[in-house]
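Biologist: Could we go through this model together, starting with the charged pairs and then moving on to the overall fold?

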Amino acid sequence: MIRLQSLSKKYPDGIQAVNNLSLEVKEGEICILIGPSGCGKTTTLMMINRLIKNTSGDVFIKGKSINGLNSSQLRRNIGYVIQEIALFPHLTVEENIQIVPELKGWSKEKKEKRVFELLNLIGMDPEIYKDKYPYELSGGQKQRIGVARGMGGNPPIMLMDEPFGSIDPITRSRLQDEFLSIQEQVKKTIIFVTHDINEALKMGDKLAIMREGELVQFASPREILSQPANSFVEDFIGTDRSLKWLRLVRVEEYMIKNIEVATCEESSQKILQKMDQMQRDDLMIVDNNNRLKGYILRKDISEKNKQSINNIIRPFRENVERKTTILDAFIRLTTTDADFLPVLDNNLRVEGLITGEILNKQMNKTYQIEENGGANDNE
């Protein structure tokens, strides 16, 4: 999809920002550009959509050089998301998302449909959020809208420059999970800049580690952890290799998918039967759209069976998504009263659950894998 061929940028003052960079990103992949400050990550990103003119080399998209394309047309077909978000404060959420579709000349109906699709995709109810202004949104919500705006014109390619860098760690982790879930559906080809090795390992299909404008190693996260190219890469990864391996293992690999849930309208007897079927003493309660409301315990039903189900629902303090790492899931579990976490999609619909027992088992297993040099845990 995207091929950088001997791409270089040298400024008039003699600074070589990028030097002879060659790599290829396949369709649907997330490629992470990572390295110390000043290594050429953002410069590379900006050369791809011709915000900065390269000195030599070339960029090819689907086999065609970008130098043969109209610059405005090129940029309208590449989503661009930056750390500052830069939503237009005088425009509503809907109007911000519609900027590129408007430039592309889409019909009113098509633009409105796209806004509803994207807001649903990022888990923000269109009826609630489409008419709000940026000042009415939290930082995390603004970031979600920034991502939605980047996808507004349905571009095949997205460039993302530290898109979650200004968000607090908890919100950042959740946004990463959400974005990976969205990516599984939309399958964009993405080049993503970060300086955070943990974020890179979690988000990337391939990592391009750069130093002083040059490519040091280009490989999968597992390969980089198990076979760093040189001492620079080893130092950049850091010493906590076991913890970093835990960022490569996802909840979706070990979650329990075929689960029973109940609604508030169901009888206590029916709920107890479902608990028996799952061999558990708890059960998640959902609304009629399969959105999570909380959970109930067997002991609460037996002790308070005269009360309605609504009165004995316990709230979850935390939840996870399928793309959440088992390390993040374990951390979230430690803050809850339950011994399991619900696995939800972007619209809070239940997809399964993962237990503390499963998380402990897989974390121990991953430590053993790392000690054995990164062997495949499925072998």
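**Charged pairs and the fold**

Modeller: K323 forms a salt bridge with E184, with the closest N and O atoms 3.7 Å apart; a salt bridge here is a side-chain nitrogen of Lys or Arg within 4 Å of a carboxyl oxygen of Asp or Glu. The pair links distant parts of the chain, since K323 is in the loop between α14 (298–303) and α15 (326–333) and E184 is in helix α8 (residues 169–186), 139 residues apart. Helices (H or I, at least four residues) and strands (E, at least two) are DSSP runs, numbered from the N terminus.

Biologist: Before we go on, where do the numbers come from?

Modeller: This is a predicted model, in which local features need pLDDT of at least 70 and side-chain atom pairs count only at pLDDT 80 or more, while totals for chains, interfaces and linings use all residues. Residues are numbered from 1 along each chain as its sequence is written, and side-chain values use heavy atoms, with hydrogens and water left out.

Biologist: Is K323 buried or exposed?

Modeller: K323 counts as buried because its relative accessibility is 16%, where buried means under 20% relative accessible area, exposed over 50%, and partly exposed in between (1.4 Å probe, protein chains only). E184, at 29%, is partly exposed.

Biologist: How many salt bridges are there in the whole structure?

Modeller: A search of the whole structure finds 24. One of the pairs is D339 with R280, at 3.1 Å from N to O; D339 lies in the loop between α15 and β14 (340–344) and R280 in the loop between α13 (268–278) and β12 (282–286), so the pair ties together parts that are 59 residues apart in sequence. There is also a network of salt bridges linking D177, K202, R247, D328 and R332.

Biologist: What about E94, which has no salt bridge?

Modeller: E94, in helix α3 (residues 93–97), is buried, and the nearest side chain of opposite charge, K130, is 4.4 Å away; for charge, Lys and Arg count as positive and Asp and Glu as negative, while His and the chain ends are not counted.
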